Number of protein chains: 2
Amino acid sequence: MIKGFPSTMNDDWQLNVNKLIDYAGKTHGDSQVVSYRILQGGKTHRLNYRTVSSRVSAVSAQLKALGIKPGDRIAVLGWNDHRYFELYFAISGIGAVMLQLNLRLNPDEVTYILDHSKARALFVDDSLLNLAETLSSKHKFDFVVVMSDGKVDTTNQKLGVVYSYEDFVESGSKQEFQWEDIDEKSAATACYTSGTTGLPKGVYYSHRSLILHTWSIAQASGMNVNDTLLQIVPLFHANGWGIHMAAAMSGSKVVFPGRYTPESLTELLLQEKVTVTVGVPTILSGMAQALQKKGISPDLSNLRIISGGSEPPLALMKTWMGYGAKFVHAYGATETTPLATVNHPKMGSMSGLSDDVLMDYKRKQGYSTFGVDLKLVGPDGKEVSHDGKTAGEIWLRGPWIIRKYHEDKRTEEQCTPEGWWRSGDVGTVDQFGYLKIMDRIKDVIKSGGEWISSVDLENFLVGHPAILEAAVVGIPHPKWDERPLAFIVLRKDYSGDEREKLKGELKDFLSKKFVKWQVPDDFLFVGEIPKTSVGKIAKRLLRDQYSDFYTKSGSKSAV
Amino acid sequence: MIKGFPSTMNDDWQLNVNKLIDYAGKTHGDSQVVSYRILQGGKTHRLNYRTVSSRVSAVSAQLKALGIKPGDRIAVLGWNDHRYFELYFAISGIGAVMLQLNLRLNPDEVTYILDHSKARALFVDDSLLNLAETLSSKHKFDFVVVMSDGKVDTTNQKLGVVYSYEDFVESGSKQEFQWEDIDEKSAATACYTSGTTGLPKGVYYSHRSLILHTWSIAQASGMNVNDTLLQIVPLFHANGWGIHMAAAMSGSKVVFPGRYTPESLTELLLQEKVTVTVGVPTILSGMAQALQKKGISPDLSNLRIISGGSEPPLALMKTWMGYGAKFVHAYGATETTPLATVNHPKMGSMSGLSDDVLMDYKRKQGYSTFGVDLKLVGPDGKEVSHDGKTAGEIWLRGPWIIRKYHEDKRTEEQCTPEGWWRSGDVGTVDQFGYLKIMDRIKDVIKSGGEWISSVDLENFLVGHPAILEAAVVGIPHPKWDERPLAFIVLRKDYSGDEREKLKGELKDFLSKKFVKWQVPDDFLFVGEIPKTSVGKIAKRLLRDQYSDFYTKSGSKSAV
């Protein structure tokens, strides 16, 4: 690393997460922090940053008074509300680590996370006490803090030592307390990935990574002091996508929906005059349906929606855009804090394109934000070009991308010594810099040194009138390494019965979009396609069951 | 400093300035970099980030080939164009320091800066060769690089070893070159303050401070990929306010006006469909006049203007707002990279205010951006409250604020060991968090442990029908430390001749706005008010000449 000339700047000012709430309290004290707890049996709180900031200091003070030390891990189990928001700053503010627990995991997985992280204490929503009791029976906490609008039963034997959050705030506000600088490379929060296979892997976010990420997402979302954020994404999912921190940085009003339904979310959206929200397509789809059910067509021209987690369906985007909202697709992962790419159309370069083509671009994952190095690595381990066609695995590197998993041997599989994280996603980057994800690398088909996307083939196949469902997997092949094999469930009303003729038809159909070597060599007509517990196609099972299909059948490749 | 738990993030990824252009070239390669050199005898260049990024690499490679080492200081003397823009990245990209030379200083001051910084080489615009020859005769450069659209005379004896910038690019593009990581705490650029008194003081900006500042100004200006920036502020003034770096970070189109007139600027504004620009009130005023002269009233509803340097006159703001533009006041200094505060109205808190009151708020310097700690320190050295009334000196601290001047004893006067920079400005902060600057601390009047703003008194006095000009200074006083004394130039058409009666009238007039102890004890009617070379009131001279006024005159204080 090059060492240059000494600077005269205050380069030792530490990038600390708690400075966000301190800043918001001092500079934007009147901006509202609204917290709905109706559906979890509580009330609505209308606080502001001034109050929240002093509550945060109080909780920090009380944690310190109870002997919580820098580096201790403190778990949180709750729905999105003002208290969870406060804990992001209060726990990290004394140098401890806030552990985000996914309340939808099964208790054994959560226990693994608690044990692996050696969590010392737990903050839990009163609506989740049953789960907390189960966890307390499996993992020893020094104490449990119950977050409630009402009175807390501090004698609950199943939880051990119990405190009430609001008592915490009261006691803490009587302590002498002042923030101290924290080494910005220390962990502030932690989140465990919940992949479909294997045990969760620990990602420990540094203060530095979170602050830099906050600037990046504030810029990507255009967050400003007059915005109102509706925080739909759970605060336990990859830092709640970090957008609530961008609200504090910008002094924007923020609305926490508590436990929610699509109906309650749309109500808040209108009632609080929300201008920014973030969510996954499933939730956004439920909200759009709730609006349609109500029979209203609101003017949402002040609303920006940031959608992530999976590719948004075209119809969903069009519905929201029909209300005047901006629909922005973004991409990231737990390992990337999470923002890696964002999709704003580049009107300068794209002005000549038709609406349909523009919508195709808008569905892509978008371009990387500054700070995220992105490259595509092909099957031969070499970087591939950004031509919109050649696929490669997406490798990411930057100050808010992981360089390892916490005490986990699987680091070697996904992290390179040069600081790249292998995302496991395969995609292309086009001439405008837009990333398009095609497939997971484990599902992509490696044929003759090239990659074929199983997802692309499946999506195209279900557009054929005879087909209800389709799955495509790569099957070992003596000559081409792997070749695609398609599994087809026909529509019940399909009347044709000449299967060989239909195969020919399907090959012709696919050739409209795919080149010859990308088309499956064979098609199997099945009654149903096996699924995993979360409803995805069980490709591993199909691959295992049909592993000798191309070797035993002696079928010739079409290539 | 607290050391917490180890993070798993890539905390060693260095925040380096050259990564901005590398990012823009790769991710927003088609966005335009437009450069006008018409008024300096050159042509218009329409490049893009892809090209600029590769030209930057070439210049870096060539500098390295010529033996420029990390830490070397390289001076630049030029108007805003694509080459100056490239040098921000090319010089800092090899770990050297780009020294911004203010071409409006006199050659002796520039020579002092060159000597103090020990500059090894000079890049100079072909339109500034005379100045470069003078400088070369006083300071020894290893070589001089002439930036020109035409052929460069490389045999110019007065300059010593001379290269052509475009030859540089060509030779450099043939070198093998790859960016290396640079310690982010190394200096990337440097700028010397040009105060009204004393020798210039050196501020050396680290890579880290510049990148963090870029995020901050990108957020404060709402810069995005569809913006077009017109870079009016010279690139030699406090990093050109850093907004051109925010353009690269956002992938925005950027327009450099070269040497300009108000007319050429307004032409570019309309022609290039500019959406963001930055400048001082004087220039913005000239541009408004140029539009009026043309007799056109354009729709500028897509334009945001960021105004800094001094408080914008109300009429100027209204003119631009009349065209639909957003007018944003911001505050900073060479020592603050420069963005410290920005003024966006907080519509949530301010919705009830009348238009006139809102405009008063809009003229304030605004609230600090995240990363800038701001406090007001009163005459007794204690922090004063943010009540919109109590004045204090503005102290700033943060990752893009200086902690010292480069090899300069005056560091002790302005920088505290806790990292605060004393700005020398006195102001108030109101309940909404808006800073309002009243005066320079050297001009503020210290009376009975309180501060009185001389500027406020002067501004109010000139509103009286009899008064053409007014100056107020603090004069030593046996009881109150200092008391204000007013110097008045009457209008030629003023017919009253009873001076004592007028004094009484003026005291009554001032009492409409000021409390009794703030009103000057005496008024002197003078033929003219002495001015400094830059046209400001020579307050030091007045103070010196009248230092015994309240002691010798035995005049009783009005308090």
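**View 1. Strands E14 and E15 of chain B pair up in the antiparallel sense.** Here E14(B), residues 326–332, and E15(B), residues 339–343, run in the antiparallel sense and share four bridges. Strands here are DSSP runs of E with at least two residues, helices are runs of H or I with at least four, and both are numbered from the N terminus; two strands pair if DSSP finds at least two bridges between them. Look for B:Ala330, which sits opposite B:Val342 of E15(B). Six residues lie between the strands of this hairpin, and B:Thr337 takes a positive phi near 80°. This is a predicted model, with local features needing pLDDT of at least 70 and side-chain atom pairs counting only at pLDDT 80 or more, while totals for chains, interfaces and linings use all residues. Residues are numbered from 1 along each chain as its sequence is written, and chains are lettered from A and ligands numbered from 1 in the order in which they are written.

**View 2. E15(B) also pairs with strand E16 of chain B.** This pairing, with residues 367–368, is antiparallel too and has two bridges. B:Val342 turns up again, this time with B:Tyr367 of E16(B) as its bridge partner. E15(B) is mostly covered, with five of its five residues buried (20 or more other C-beta atoms within 10 Å of a residue's own, C-beta atoms being placed from the backbone).

View 3. The largest nonpolar core has 270 residues, and A:Ile74 and B:Ile74 touch the most other members. Such a core is a set of buried Ala, Val, Leu, Ile, Met, Phe, Trp, Tyr and Cys residues joined through C-beta atoms within 7 Å. Leaving out residues up to four places away in sequence, B:Ile74 touches, among others, B:Ile68, B:Val97, B:Leu99, B:Arg120 and B:Phe123 (contact means C-beta atoms, placed from the backbone, within 7 Å).

**View 4. Helices H7 and H8 of chain A cross.** H7(A), residues 207–221, packs against H8(A), residues 243–250, at an angle of about 80°, their axes 8 Å apart. That makes the two roughly perpendicular, a label for angles of 65 to 115 degrees. Axes are lines fitted to C-alpha atoms over the stretch in contact, and angles run from 0 to 180 degrees between N-to-C directions. Residues making the contact include A:Leu210 and A:Ile217 of H7(A), and A:Met245 and A:Met249 of H8(A).

**View 5. Chain A meets chain B.** Each chain gives 65 residues to the contact. On the chain A side, H7(A) has the largest share, five residues.

Terms used: Parallel < 35°, antiparallel > 145°, perpendicular 65-115°, else oblique. Contact = placed C-beta atoms within 7 Å. Buried ≥ 20, exposed ≤ 12 C-beta atoms within 10 Å, placed from the backbone.
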